[in-house]
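Dear colleague,

I am passing the structure on to you below, with the sequence alongside. After it you will find a short account of what was found.

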Amino acid sequence: MQDKLQKLDCYKWLILAVVCTGTFMSTMASSIVNVGLPPMTVALHSDILTAQWVVTAYMLVITSLLPLMGRLGDVGGQRKIYSYGFIGFVVGSLLCGLANSMGMLIGFRVLQAIGASALIANSMGIVAASFPQNERGKVLGIIGTVVALGGLCGPSLGGVLVEHFGWHTIFFVNIPAGLLGFAGVRLVLPLDKRLLDEKIDYLGASLFTGGMISFLLALSYGSKWGWFSLPILGCFGFAAVIFVSFIRHERRIDYPMLELSIFNNWAFSAGNLAGLLSFMAMFTSTMLVPYYLHDVLAFSPGKIGLIMSAFPLIMAVTSPISGMLSDKVSTNVLATTGLVILAAGLIITANLQLDSNMWLIMTGQALMGFGNGLFQSPNNNSVMSSVEPRYLGIAGGVNALGRNFGMISGTALAVAILEYRRAVTAAEIGIPSPAQQMAFFLDGFHYALLVGAGLAIAGALVSFIRFGAAGQES
């Protein structure tokens, strides 16, 4: 069956379809759960502090395991690891839907995240190995569209499922898609060849995972527990010690989990740094704009959803176009321009007031979606094209790590700035009035999004310097 498929002219596009199935499923799973948290909390007799771990645990596990999963793909075979990813995700989804306590749900969500990390880390490597370099930008643009659509469909589909069929179905809906993806892997993806004859550095992987989880916990809960509280300082200190141990360990062994020399490649390092800064910038807005729309403008959930959908919709349209352009035009020019436009959208959003109209708000969201769509595909193309084929798995894992780390750190930064500015402006007032509370929020909101714009500009400068140092890429 597979021999016949490989003779078809559309074979590489069938490979892309399989990868897009895994990408859409894992992306949607990140956003669909938020809608079901309130009924889950009630049904499982829990509280919001515990329930938030359904989201937090998923993000922590994925972010921590991405480099390891990319390395496993390089050594054990991307097809094999990708198929295991579908199995883990389907089994985890089934068990999440059957969970009868919050503890069980969080535990099974970890299993689901392990499967998702295998899918996310190896998707770009599979695509990069299946398409010639002059087509990679186009297909990575298509994947960018799928990511946007997954984020867009999650909340809307989740709302319908929870309202009409119960919270369990937001996990069960993954099962048919996951089984279809697994069948696609077995029938379509080519057998793994030219595997690295190297050992897996499980000690290095354990050190990296432990350090990353500790660091991300501190970022996620710094505002809630206090940045100078003993638990947060302990998490940061533990992470620092573990990361130093990880780097020393990786430099000493023959087959490291993360080949540190890959970061000597300026195009690779600069692309990942620019990607990290872009997601940090984006998530200052993603975190705070819904609160602005709800608490300041008193918009309904439906209206908030409509406004927030402008970002992924514009990104979904822009990503494949920018990807195709990156096969013919300098990737760095496109990436730099995209980040400047992203910064412009953040500046517009940062200056929203009590009486700002919906069209101005949507203009800011649309500009951010356009800038992000213009940036991501060319940047990913540049990153994946800058490494040798044997490093495609780890390169994809590091690229996805930057994305997820940017999401978490951007969210933490936005909340920290908001709370700090609130505290500063409210220091001399005993009990603020509702109008004063709103003014305090807007002050913190403005500062947080302006910092986000600054991060986008910093990312644009990194891309511009990359262009000057490496010359024109195509």
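Please keep in mind throughout that this is a predicted model. To begin with the cysteines, Cys96 is buried, with a relative accessible area of 0%, and Cys235 is likewise counted as buried, its relative accessible area being 17%. The structure holds zero disulfides.

Turning to the helix packing, helix α4 (residues 53-76) and helix α6 (residues 102-130) pack at an angle of about 35°, and their axes lie 7 Å apart. The contact of α4 with α6 comprises, by class, 19 nonpolar, five polar and one charged residues, and the crossing in which α4 passes α6 is right-handed.

Two further residues may be of interest to you. Gln78 belongs to helix α5 (residues 78-98) and has a relative accessible area of 13%, so this side chain's residue is classed as buried. Setting aside residues up to four places away in sequence, Gln78 touches Gly73, Asn122, Gly125, Ile126, Asp192, Leu392 and Gly393.

His249, for its part, is placed in helix α11 (residues 230-252), and because its relative accessibility is 9%, His249 counts as buried. When neighbours within four places in sequence are left aside, the residues in contact with His249 are Asp201, Leu203, Gly204 and Leu207. As for Met280, this residue is 31 residues from His249 in sequence, and the two are 29 Å apart in space, C-alpha to C-alpha.

Definitions and conventions: Residues are numbered from 1 along each chain as its sequence is written. This is a predicted model: local features need pLDDT of at least 70, side-chain atom pairs count only at pLDDT 80 or more; totals for chains, interfaces and linings use all residues. Side-chain values use heavy atoms; hydrogens and water are left out. A disulfide is a pair of cysteine sulfur atoms within 2.5 Å. Buried means under 20% relative accessible area, exposed over 50%, partly exposed in between (1.4 Å probe, protein chains only). Axes are lines fitted to C-alpha atoms, for helices over the stretch in contact, and angles run from 0 to 180 degrees between N-to-C directions. Helices (H or I, at least four residues) and strands (E, at least two) are DSSP runs, numbered from the N terminus. A crossing is left-handed if the near helix is turned anticlockwise from the far one by less than a right angle, and right-handed if clockwise. Ala, Val, Leu, Ile, Met, Phe, Trp, Tyr, Cys and Pro count as nonpolar, Asp, Glu, Lys and Arg as charged, and the others, Gly among them, as polar. Contact means heavy atoms within 4.5 Å.
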